[in-house]
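Trainee: I should like to learn how to read the features of a protein model. May we go through one together?

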Amino acid sequence: MADSPQDQPAPLLEQLQSLWRELPGLVSDRVELLSLELQRAVQALAQIVALMVAVAILGVTVWLVLWAGVIRLLVAAGLPLEVALLLAIAVNGLAIVLALQRVRSLLPRLRLPATRRHLMLAPDPQPNEASDERAAA
């Protein structure tokens, strides 16, 4: 004899009630896992920052020793010490200027122009050509 319609909803109702009872446990397990992973991520981030500071200090030390060697070679080649020092300053100054120009060219990207255009209620159908030229640089 076939199951009556009254028999079928009972297992479904029991399954839903069981799921409802287990839901807090399932959510709390995932929240606990997230919490533990975030703790590990924070510890890893702290170690990464400390190591990057050490790398930066060592990198600056290497850079200074490298330039001391270059200046010594220039002086040994007959260049006056003052001229060798000015040459080192000029090369480093040029590198600073180039790096700052690159930073300035990257600054507009921090404004997320494409995302802002996409999220506007009435986006401009034509993207700003000036921003496209800067993005290509």
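Mentor: Let us begin with surface patches. Accessible areas come from the Shrake-Rupley method with a 1.4 Å probe, and for residues only the protein chains shown count as cover. A patch is made of residues with over 30% relative accessible area and no salt bridge; like charges are joined within 9 Å, and nonpolar side chains (Val, Leu, Ile, Met, Phe, Trp, Tyr) within 5 Å. A salt bridge is a side-chain nitrogen of Lys or Arg within 4 Å of a carboxyl oxygen of Asp or Glu.

Trainee: Which residues make the nonpolar surface patch here?

Mentor: L12, L16, L19, W20, L23, L26, V27 and V31 form a patch of about 790 Å². One of them, L26, belongs to helix α1 (residues 9-76). Helices (H or I, at least four residues) and strands (E, at least two) are DSSP runs, numbered from the N terminus.

Trainee: How far may the coordinates be trusted?

Mentor: This is a predicted model, in which local features need pLDDT of at least 70 and side-chain atom pairs count only at pLDDT 80 or more, while totals for chains, interfaces and linings use all residues. Residues are numbered from 1 along each chain as its sequence is written, and side-chain values use heavy atoms, with hydrogens and water left out. The term pLDDT denotes the predictor's confidence in each residue, from 0 to 100. The mean for the protein chain is 85, and 82% of its residues reach 70 or more. Confidence is highest in helix α2 (residues 81-106), at 97, and lowest in helix α4 (residues 129-136), at a mean of 54. Where pLDDT is low, the predicted coordinates should not be read in detail.

Trainee: How many helices and strands does the protein chain have?

Mentor: There are four helices and zero strands.

Trainee: How is burial judged?

Mentor: Buried means under 20% relative accessible area, exposed over 50%, and partly exposed in between (1.4 Å probe, protein chains only). Of the 137 residues of the protein chain, 4% count as buried. L26 is partly exposed because its relative accessibility is 35%.

Trainee: How are aromatic pairs read?

Mentor: Rings of Phe, Tyr and Trp (its six-membered ring) pair if their centres lie within 6.5 Å; planes under 30 degrees apart count as stacked, over 60 as edge-to-face and the rest as tilted. By this rule there is one aromatic pair. The ring centres of W63 and W67 are 6.0 Å apart and their planes stand at 70 degrees, so this pair is edge-to-face. About one helical turn separates W63 and W67, because they are four residues apart in helix α1.

Trainee: Is W67 buried or exposed?

Mentor: W67 is buried, at a relative accessible area of 16%, whereas W63 is partly exposed, at 43%.
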